[in-house]
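Me: Hi! I have a protein model open and I'd like to talk it through with someone. Could you help me find my way around?

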Amino acid sequence: MIIKKTRAVNTTASSSAKLVKAVKRATKSSGTATSRTSKHADEGIPLSVAIRRRIQAQNARFHANDNISAFIRPGELESLVDEVAQKMQAVLESLVIDTESDHNTKNTSQRVAKMFVKEVFNGRYTDQPVLTKFPNVSHLNELMIIGPITVRSACSHHLCPIMGRVWIGVLPSKASALIGLSKYSRLTEWVMCRPQIQEEAVVELADMLEKKIKPIGLAIVMDADHFCMQWRGVKDRDSKMVNSVMRGAFLKDVNLRREFLALMERK
Ligand SMILES: [Zn+2]
């Protein structure tokens, strides 16, 4: 699934990937130390309101595609699932579905709540995957392409699935920090497992990778099926959306861009 193309030494990158796998995931940082003291003040209000207050106290943003894990305390996700389930149950009731005698929908509210919080929007509530960096010891300075990485997301507008693929092109410098190949997938998944807008998602991913790796050039291409175009709306089954972000050398160097796109299309 992951291809990598480099004209430089190949062995270093794969052994580095193993190195990264050996590093255990760090324990959750306690970024909520200040709000910990107000625990009792949160009682008697819905958990979502308590979390929202913590976010607002820090003037942080909580849009659909923002990660809010720093404001969630250990053990609270389970309670959040319960709160979402209660409200989902109200939605089913408003849709006039008899969840009492219809065995198919009896536990739907709980299932949907768990799916949102623990699975498909999990990238909002969990910490960023640990991306251990290591120095570019063999001075790789050739184009690397990672992909296609499978993407499962949902649109912020309708919460309809977005199913697609992402390719990442990196042109490292001698001074760049490298991350293991599997980490590109982990980070992509973390960003995409939120209600997203494709254009914003690729930019968010590019910003993170640029900050982490500090490459000379970075390119990201995403193509995806948007179920809000297929399941509802125009019901056009063949429409796809393709987005690209080109940074640094990929912007300036036409040949590099061409090489990336040509290699990408081979997969
Ligand atoms: Zn939509």
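Me: Great. What is the mean pLDDT of the protein?

Reply: This is a predicted model, and its mean pLDDT is 85. Of its residues, 84% reach 70 or more.

Me: And where is the pLDDT below 50?

Reply: That happens over residues 1–41. Beyond near neighbours in sequence, this stretch has 52 contacts in the model. Where pLDDT is low, the predicted coordinates should not be read in detail.

Me: OK, I'll be careful there. How many helices and strands does the protein have?

Reply: There are 11 helices and 7 strands. The protein has 267 residues, and 28% of them count as buried. If you take contacts between residues at least 6 apart in sequence, 75% join residues at least 24 apart.

Me: Let's look at the sheet. What order do the strands come in?

Reply: It is an open sheet of 5 strands, in the order E5-E2-E3-E6-E7, with mixed pairing. Strands of a sheet pair through backbone hydrogen bonds, either parallel or antiparallel.

Me: Which ones are the edge strands?

Reply: Those are E5 (195–196) and E7 (240–248), each pairing on one side only.

Me: And E3 with E6, is that parallel or antiparallel?

Reply: E3 and E6 pair in the antiparallel sense, over 10 bridges. For one spot to look at, Gly164 has Ala224 in E6 as its bridge partner.

Me: Which residues of H11 are buried?

Reply: Leu256, Phe260 and Met264 are the buried ones. Looking down the axis of H11, they fall within an arc of 65 degrees, so they line one face of the helix.

Me: Why would residues spaced like that point the same way?

Reply: An α-helix has 3.6 residues a turn, so residues three or four places apart point the same way.

Me: Nice. What's on the other side of H11, and what covers the buried residues?

Reply: On the other side, Val254, Asn255, Arg258, Ala262, Glu265 and Arg266 are exposed. The cover over the buried residues includes strands E2 (144–155), E3 (161–171) and E6 (217–226), along with helix H10 (249–252).

Me: How many other C-beta atoms does each have within 10 Å?

Reply: Val96 has 6, so it is exposed. Leu159 has 14, so it is partly exposed.

Me: Last one: where is Leu140, and is it buried or exposed?

Reply: Leu140 is in the loop between strand E1 (133–135) and E2. It counts as buried because it has 22 C-beta neighbours inside 10 Å.

How values were computed
Residues numbered from 1 in each chain as written. Predicted model: local features only at pLDDT ≥ 70, side-chain atom pairs only at ≥ 80, totals over all residues. pLDDT = per-residue confidence, 0-100. Contact = placed C-beta atoms within 7 Å. Buried ≥ 20, exposed ≤ 12 C-beta atoms within 10 Å, placed from the backbone. Helix = DSSP H or I, 4+ residues; strand = E, 2+ residues; numbered from the N terminus. Arc of directions from axis to C-beta. Pairing = 2+ DSSP bridges.
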